[in-house]
Every structure is written in structure tokens, then in C-alpha cells.
Amino acid sequence: MSKPVVLIAEELSPATVEALGPDFEVVNVDGTDRPALLDALTNADAILVRSATKVDAEAIAAAPKLKVVARAGVGLDNVDIKAATAAGVMVVNAPTSNIISAAELTVGHILSLARHIPAAHSALAEGKWKRSAYTGVELYEKTIGIIGLGRIGALITARMQAFGTNVVAYDPYVTSARAQQLGVTLLSLDELLAQSDFITIHMPKTPETTGMISDEQLALMKPTSFIVNVARGGLIDEDALHRALTAGTIAGAGLDVFVSEPPTDSPLLALPNVVVTPHLGASTDEAQEKAGVSVAKSVRLALSGELVPDAVNVAGGVIDPTVRPGIPLVEKLGQVFSGLAHSPLTSVDVIVRGEIVDFDVSVLKLAALKGIFTNVVSETVSYVNAPLLAEQRGVTTRLITEAVSEEYRNLITLEGALSDGSQISVSGTLTGTKQIEKIVEINGYDVEVPFAEHLIVMTYDDRPGIVAIYGKEFGDADINIAGMQIARHVAGGKALSVLTVDSPAPEELLEKLRTAIDADSLQEIDLTE
């Protein structure tokens, strides 16, 4: 079999290719050469980009085999996430790769503004000794206002506190407990603007945050205060900022990002009280290497159909270690569930019971759908396209959580309706210190069966001699029964047998068995992929 093709469309660190490993065919293309990019995409299973390559709807449509778009960085302005999701393509980035670099650059801008470092350097480089012209201010005991107290905001907080500053923050999504933990005072945006000596903004760019700092907000700032933006161009209204800087409303600004990049025509570049850098937030050797290695690992996971925590178009986000062991369990339950179905599935409920519901278990619904469709459809099933496959087939899905699990610490059940009106269910759990995956219920019958590659599930009228019949038939076919369990509600009623066998059973044998024991149902479930 040919290796999956990974297309690298921009220059990435050598460590990125090393992290991909030998399992892929790596192809390089200039992502800015549109015809070459579209041609290379026809055979690509994955594409790795930075910021210059446009992976839009046209590019995605040109890539019938594409399974993952990986952005070696944080921003995804150059990737059409909606088009990718519609095509079942996972989009991943490296959300934490540049946070230290961005935080340190922010501190650099603050120090540059406080001590006029760029202007003083330029003057001295021209032979001018102008000490008095560049008298600055100390950071000690100044108030630092952070707009957006996320990961980067928290890193800046720690660094600025080392200077003996007072840190205040505005973030409507941060609790007072978290702020207290960081040693930060939460304020309203207006209060922060009025009180701070240095303000740095670290918000995502959304319709709500675009232009959030404009004339009205800048007017609230002290005439001695400075503002820094190393996050996203457009969070500060550049025209309003120019007016405030030229009128002396504020003392200065430090900018690493702009609405249009490069900002060749921006009047801000000509102002003496502005420090600018050309979008260097992630431009360190360490950040570039971390970004490349991170997305390379994500590509490996995505191409093997596994969950990728950094996928931006997959619900679930970061998976708690308590939840993670349940993912492979639920995938297997999904395979058993679809194996039990004798007509098309119309709905499925993923019911999670026990202590685990204290955490975000939404990923378990994705795992269930991935397992259900793994052996049902011809295409590779991933955590991205599994919900789309369910939607296309008219299968409604729900995630239900219940805090109480009476028999097991945690219990996960898949219940579903079929098109003929019948119901099916399967439940599983993790048992013991080794967290062994077990099936503990099938269609209302209590069992306790470890998973195996080959399962035989049969229901029939409970009567003597049935075990001898199927034992002889499997023996004659040289198929070893590794394990067996029989469950029933009442003697003489319906019984369910679950067998684990060492090798797959041919359909002719299964049909013979159905007749021999007059089975209501008899299904072989293959858990190999």
C-alpha cells in the first residue's frame, strides 16, 4: 500500500518532518503558487501550512483525499473552516505553541515604550547623543491593564508582577476565583482603561471584539498611558488610535499586528510615539519548532482516525485524563452496537452515568459515532466526519448524563432505535486497577465480557443442548472459543450467548448455526479495523 501523502506548503522546521516519522510520503510545494498548490492537493491526505497559503473552498474541493489541514501556528484566517468541516476535513492548529513568545514580545513592547529604546537606538546609531530626550518611566508600582486574561494574559501577569506592578484585568469569562489565584483585580473595561498606565490586549478577533478599542475607549485613558497590541490586527481601531496619538490623548502605542499586513500605507508608522514590529509574536525558533512538531503529531493522529485535541472543528476540546480512557471503550461499544443492528439506525443515545459526568464527556458522543460508522461506511471515519455521516443518514443523536450509576463506578450505554421499530442497546465499563474494558449489557441482558477481536452474539429459546450444538460446530470448523457467557431473564425464556472466538467464522457456518439452534438473532461482530 502507498503511504499517505503529507503536503508541506511552507517552510517548516526540520523537527516537523522528523515528528511526522517514516509512515508518510512528504511532498513540498510553494503554497503561494496557486496552480502548483491545487495540482499537488489532488493526491494529498494532509496539508501543513503557516499563514501564507490560502486553504479555501476551492483548495479543499481540489483535494478529494484530504483528511486534515494543519496550521503551524495559532491564527486560522487563511483556512476556510466551514468548507473543511462540510467536506469532513479536520482543521488543527498549535494553540499553545507561541504563547510564551507572544507574552515575551508584549513585555518587550512595554519596556520599549517605557524607556524609548527603539528611538534612542536610532538616534545613537545616527551619532546623536540625546540622553535627556529619552527620559522614560519605571514600571515599578505602575498599573498594568490586561484585556483578555487567557493563557497569554496569565503569562504576562506573572512577568509584569516581577517588576513590582499592580495588574488589573478585564475578561467577562474569567471568574473572580481565577483572578484571585493569579493575583489580579478584575475591573470593567472602562475602569481598566481609566486606571491603567500600560494596557495590553489579548482577545480573539470576532465581530464583537473588532474595533473594541476606538475613540470612546481611548478617551478614557490617561494622557501618560500606553497601549500594546500583539494579538490581532483590528482589535484597536487604527484611525482612532492615530487620532489619539497625534492629539496627545495617550502617550504611545506598541503594535505587532495590523488590519492590513504589511501596513505599508499606515500613517501610524510615521509617528514618533509608536513602536512597531512586523507580526513577530510567534517568530522565535522555539515557537516555530513547537508549532511544527505539535501539528505534525496532530496529523499523525488525524490520519489514523484518532481524536485530535487541537482540532478546531471538533467538539470536545481538551480531554480530561479521567475521560480519556473511556474513548477507546466507547468506540468499541459503537462497533458492537452497529453489529447488533439488523436494520438501519434512526437514533442513538449515548448515556454516561457515574462520577465521570463531573467532567466534559462530549467527546464520548463523538467516539460512539466513530465506532458505529467504522464498519458501516466505505470512507475513513474520523471525529470530524462521524457527526456528518449521522446527519446525512438521518440518525438523531443525543448525549445524556446521569450522576448515579448503581452497579459500576462509571457506565456508558448506547441505546438506539432501528427503522423497523426495534430497540438495541449495549453497555460497557472499565474495571479494576488495570481499567479493563468490558461489555456489561447487551439488549437488556446482563453480561460481563472482555472485548475481543471476534464476538458472536446470539439469542434463542433457552433449552438444554444448545451449548453442545454450537460448541461442536465451532470445533468442527477448527474455530477456538476463547470465552463464553450466557445470560437469561428466566429459565425457559429467551437466552443470550456471547462468545469470543480466536478467528472469524465464515457466513456458511453462521447460517448453519442459526438453523441448528433456531436462533432469533445471530451476529458476528468484528472489532478489527
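F198 and F226 are both buried, where buried denotes under 20% relative accessible area, exposed over 50% and partly exposed anything in between, with a 1.4 Å probe and protein chains only. The model is a predicted one, in which local features need pLDDT of at least 70 and side-chain atom pairs count only at pLDDT 80 or more, while totals for chains, interfaces and linings use all residues. Residues are numbered from 1 along each chain as its sequence is written, and side-chain values use heavy atoms, with hydrogens and water left out.

The structure holds one aromatic pair (Phe, Tyr or Trp rings, the six-membered one for Trp, with centres within 6.5 Å; planes under 30 degrees apart are stacked, over 60 edge-to-face and the rest tilted). This pair, formed by F198 and F226, is stacked, with 5.1 Å from centre to centre and 15° between the planes. Because F198 lies in strand β9 (residues 198-201) and F226 in strand β10 (residues 226-229), the pair ties together parts that are 28 residues apart in sequence; strands (E, at least two residues) and helices (H or I, at least four) are DSSP runs numbered from the N terminus.

An open sheet is formed by four strands in the order β20-β21-β19-β22, with antiparallel pairing, two strands being paired if DSSP finds at least two bridges between them. Its edge strands, β20 (481-488) and β22 (521-526), each pair on one side only. Strand β19 (residues 454-461) is joined to β22 by six bridges, and T459 has S521 of β22 as its bridge partner.
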